[in-house]
Amino acid sequence: MESTVVVASNRGPVSFELDERGELTSQRGSGGLVTALSGVFFRDDAVWVAAAMTDGDREVALEGRGMSPDSSQRVRFVTLPPEQYDGYYNRFANQILWFVHHHLWDIARTPSFDDQTEQVWQAYMDANRAFATALAGEADGDPVYLIQDYHLSLVPRMLRELRPDARIVHFTHTPFADRTYLRILPVHMREAILRGMAGADVIGFQAKPWVENFLLSVRGMEGFRVLRGGRLAVGGRVAEARSFPVAVNAHPLRETAATTEAREAQHELKAWRGDASLLLRVDRLEPSKNILRGFLAYELFLRRRPDWRGRVRFLALLNPSREALDEYRSYGEDCLAEASRINAELGSDDWVPIAVRVQEDYGFAVAAYGLYDALIVNPVYDGMNLVAMEGPLVNRRHGVLILSRNAGAWSRLGRHAIGVNPFDIRESAEAIEAALEMSEQDRTRRSRGLSRSVQAHTPPTWLAAQLDALDLVRPPSS
Ligand code: F6P
């Protein structure tokens with residue numbers, strides 16, 4: 001008998017809003033995790049446990065389970081008191097864990113941990129406990145638990161305490177901090193996070209460097225023995241840490257590209273681009289995405305190569321993200337200010353070097369994917385990066401991918417991309433130049449390679465690899 005699948009993540013596949021008449025409307029959850037997981041968990045018996053993030057979600061939570069409008073997916077919301085949710089999601093998961101895993105702190109000044117950190121850590125523990133309890137309640141049919149991301153790193157161990165025989169996979173969508181950087185965290189938090197994740201049978205990451213970082217951190221911790229092949233002995237069990245690079249589903253992406261809205265957006269974009277080449281970036285407005293250095297690299301390229309002024313347009317599509325956090329707001333302001341400065345210094349009456357659109361419009365982004373000559377994806381660190389995979393699937397101009405070597409996607413796509421050290425403005429400027437001036441033959445060869453590499457993997461194979469690994473470490477009970 002096939003096991004039931006129970007997925008847990010902070011953000012669910014669907015989110016509900018209350019309209020002005022007090023009626024519920026639903027929309028697809030945003031972000032890479034939902035994109036990666038939707039389309040995998042379409043089975044009728046799958047349940048997705050997520051945090052209630054809106055008033056609409058809380059209303060649905062009161063009524064029991066919600067249905068995702070696009071599938072028979074059942075969603076169960078975990079409702080947390082607002083203050084606890086703020087501590088868990090904004091203050092601990094996003095302001096501390098996100099920053100540590102992406103190496104984002106300016107460590108001469110930040111972070112400093114104090115009593116307030118203890119309070120948000122408490123909220124994080126309480127929220128993880130609420131998830132573990134909800135998951136333990138979804139126990140019909142000897143389920144496989146698929147627990148997602150850094151928001152829920154304590155859940156595997158907490159769930160195992162409640163259900164010692166549970167079959168658990170934990171998957172991290174972000175990078176995992178290297179050993180010395182992780183030591184910035186207060187020691188009890190660091191150890192609890194490592195022990196929490198190791199409560200799973202399979203501890204999955206997007207790419208090998210993140211697996212290695214995790215294993216280096218647990219090595220030497222009391223009660224752990226790192227064995228060969230990514231396995232670790234812990235508390236009388238064996239768990240396995242491995243990479244399972246996520247895949248994108250080409251079908252819905254191409255369907256989005258074919259919608260009337262996307263076609264109209266493409267029309268508008270073509271008219272705006274004219275005969276110029278198009279350099280594109282599509283990102284959440286987020287410090288790890290390295291938007292500022294991307295603008296500086298483009299500026300350097302234009303200063304070195306004035307003959308390109310007026311012949312290239314840079315379109316930056318930036319989705320607002322985590323606006324409750326000061327760091328995000330001020331980073332966003334800095335990005336916009338930098339683009340304005342470059343436009344004022346290098347632009348002319350009929351040419352604006354950088355067009356920034358801060359908007360949440362997936363269809364528009366997919367339309368732009370079709371048109372770029374070069375796509376820049378230069379995060380300081382990134383678990384995988386789905387833009388790097390989505391772009392080549394719908395691009396129609398043999399567009400070149402400029403890709404950070406610190407993105408998980410580098411292992412899969414690097415040989416067909418132009419690699420950049422995201423901190424090196426000169427190298428990035430040269431990459432822009434090389435991408436825009438590449439011969440048609442080389443562009444064709446690389447873009448075909450990118451598209452082939454992306455399509456060689458699918459979300460179902462990504463899931464199947466995790467389930468196969470789980471069967472080996474903890475076979476299903478017969
Ligand atoms: O793994 C990273 C992640 O949590 C993804 O789910 C998503 O792409 C992104 O960060 C957005 O995060 P949030 O849910 O906080 O908007």
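Me: Which residue in β8 stands opposite V144?
Reply: Strands are DSSP runs of E with at least two residues; helices are runs of H or I with at least four, and both are numbered from the N terminus. Strand β7 spans residues 144-148 and runs parallel to β8. In β8, V144 faces R167.

Me: What kind of model is this?
Reply: Residues are numbered from 1 along each chain as its sequence is written, and side-chain values use heavy atoms, with hydrogens and water left out. Local features need pLDDT of at least 70, side-chain atom pairs count only at pLDDT 80 or more, and totals for chains, interfaces and linings use all residues: the model is predicted.

Me: How many bridges join β7 to β8?
Reply: Two strands pair if DSSP finds at least two bridges between them. β7 and β8 run parallel, and the number of bridges joining them is five.

Me: How many residues of strand β8 are buried?
Reply: Buried means under 20% relative accessible area, exposed means over 50%, and partly exposed lies in between (1.4 Å probe, protein chains only). On one side of β8, R167, V169 and F171 are buried; on the other, I168, H170 and T172 are. Of the six residues in β8, the buried ones number six.

Me: Which residue forms a salt bridge with R167?
Reply: Side chains of opposite charge can pair when their charged atoms come close. A salt bridge needs a side-chain nitrogen of Lys or Arg within 4 Å of a carboxyl oxygen of Asp or Glu. For R167, the closest N and O atoms are 2.6 Å apart, and the partner is D471.

Me: How many residues apart are R167 and D471?
Reply: R167 forms a salt bridge with D471. The pair links distant parts of the chain: strand β8 and helix α18 (residues 459-473), with a separation in residues of 304.

Me: Which side chain meets R305 in a salt bridge?
Reply: R305 is buried, with a relative accessible area of 18%. The N to O distance in the salt bridge is 2.8 Å, and the partner is E433.

Me: Where is E433?
Reply: R305 and E433 meet in a salt bridge. The two are 128 residues apart: R305 sits in the loop between α11 (291-304) and β14 (312-319), and E433 in helix α16 (residues 425-437).

Me: How many residues apart are E345 and R341 in helix α12?
Reply: E345 and R341 form a salt bridge, with the closest N and O atoms 3.3 Å apart. Both lie in α12 (residues 326-346), about one turn of the helix apart, and the separation in residues is four.

Me: How many salt bridges does the structure hold?
Reply: R167 with D471 is one of them. E345 with R341 is another. The total for the structure is 35.

Me: What distance separates the C-alpha atoms of M125 and A192?
Reply: M125 is in helix α4 (residues 115-136). M125 counts as partly exposed, because its relative accessibility is 25%. M125 and A192 are 67 residues apart along the chain, and their C-alpha atoms are separated by 9.7 Å.
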